Amino acid sequence: MNDLKKYLAENDIRFTENKKASEFTTFRIGGECFTVYPKNVKELTDATRFCDTNGIKCVIIGCGSNVLFADKGYDGAVIMTQGINAVETDGDFITAGCGATLISVCKAALDRCLSGVEFAYGIPGSVGGAVFMNAGAYGGEMKDVVEYVKAYSRKDGKIIKLNNAECGFDYRKSVFSDGEYVILSTKLKLKPGDKKEIKAVMDDLLGRRKDKQPLNYPSAGSVFKRYPGRYTGQMIEAAGLKGYTVGGAQVSEKHAGFIINKGGASADDVLTLIDHIKTVIKEREGVIIEPEIRVID
Ligand SMILES: Cc1cc2nc3c(=O)[nH]c(=O)nc-3n(C[C@H](O)[C@H](O)[C@H](O)COP(=O)(O)OP(=O)(O)OC[C@H]3O[C@@H](n4cnc5c(N)ncnc54)[C@H](O)[C@@H]3O)c2cc1C
């Protein structure tokens, strides 16, 4: 880590030591990390390349809304994309830096009367994290709007442009999901629409989230992927697990698909709860449900 610190300092790339993951994740869980804050794509790729060529573990983090960091923290570099957040519109297209929030993209689309990305309003993630996960909601997903993605390959150090088909989008996964690429920016193709109608859809979806989701507690959203043809939250609710608690982690009473941090939850509490839910669902339904959240350790 000393070499990395020296490199970052010499290249004027900001970093902090001992930042707790509980401070930068929506779950508010996780121990100390070494965090790096690139201001632009060059700093992002340079920092990643330095780690990769010097045998230092590193992970790229956007808004930290789909991750669970270990209680012991992370023994590598956590590279945060929040500084790479430009959002530019050009005709029916929006190009966004990987760290731009989905909310800022939705607002830019609304300003320009562009429709297509309303589904993402209220997902508390970055464009990079959303492309990585093929985030989706209410019948829409990133796959529907991505024109192309610019990404840095950690294998050969090249920056490449992947069109929609090359992104390999599938339910909550993409070609990026194995961590080989750093997503740098994304161009979205939208359609001209009516501003009032776009706003009405955004407001409606946000309202539905507020009604259905436990937004007053820290969480990482739905913990499990849907089982083909089934809503996992409904299976968990039917198993009587709403309110089931391990330490500070609880299956939300409001939405059984969410695990909430009731206060002081540890990553171990969440992982124990996930295992319990999986076991109960396997016994009751005979199916194995898979977590959607990414465990970083
Ligand atoms: C209240 C709540 C509601 C939610 N609702 C939804 C929903 O409706 N639909 C949905 O799909 N998700 C939902 N989520 C989950 C989450 O917001 C999305 O998956 C979001 O897209 C994650 O983006 P992020 O920037 O927070 O990613 P992070 O949590 O920071 O990272 C997620 C993964 O992406 C990787 N990653 C992030 N940025 C990059 C990059 N630039 N290059 C390479 N890899 C990268 C990380 O390494 C990690 O593996 C919800 C979460 C919460 C807390």
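In what order do the strands of the open sheet of five strands stand, and how do they pair? The order is E6-E7-E13-E11-E12, and the pairing is antiparallel. This is a predicted model, in which local features need pLDDT of at least 70 and side-chain atom pairs count only at pLDDT 80 or more, while totals for chains, interfaces and linings use all residues. Residues are numbered from 1 along each chain as its sequence is written, and side-chain values use heavy atoms, with hydrogens and water left out.

**The open sheet**

- Strands (E, at least two residues) and helices (H or I, at least four) are DSSP runs numbered from the N terminus, and two strands pair if DSSP finds at least two bridges between them.
- In the sheet with the order E6-E7-E13-E11-E12, the edge strands are E6 (87–90) and E12 (159–163), each of which pairs on one side only.
- From one strand to the next, the twist averages 20°, where axes are lines fitted to C-alpha atoms (for helices, over the stretch in contact) and angles run from 0 to 180 degrees between N-to-C directions.

**Strand E13 and its neighbours**

- Strand E13 (residues 181–189) has eight of its nine residues buried, which means under 20% relative accessible area with a 1.4 Å probe and protein chains only.
- E13 pairs with strand E7 (residues 93–97) in the antiparallel sense over five bridges, and Thr 186 of E13 is the bridge partner of Ala 96.
- E13 is also joined by seven bridges to strand E11 (residues 146–153), again running antiparallel, with Tyr 181 of E13 opposite Ser 153.
- E11 is joined in turn to E12 by five antiparallel bridges, and here Tyr 152 stands opposite Ile 159 in E12.
- Helix H3 (residues 41–53) lies across E11, E12 and E13, and runs at about 150° to E13.

**Asn 66**

- Asn 66 is found in the loop between strand E3 (58–61) and strand E4 (67–69), and is buried, with a relative accessible area of 14%.
- Leaving aside residues up to four places away in sequence, Asn 66 touches Met 133, Ala 220, Glu 292, Ile 293 and Arg 294, a contact being heavy atoms within 4.5 Å.

**The second largest pocket**

- A pocket is an open set of points on a 1 Å grid over the protein atoms alone, where a 1.4 Å probe fits, with protein on both sides within 12 Å along at least five of seven lines; lining residues have an atom within 4 Å of a point.
- The second largest pocket is lined by 14 residues, and those nearest its centre are Ser 115, Gly 116, Glu 118, Phe 119 and Lys 191.
- Strand E10 (140–141) and helix H6 (195–212) each supply at least two residues of this lining.

How values were computed: Buried means under 20% relative accessible area, exposed over 50%, partly exposed in between (1.4 Å probe, protein chains only).
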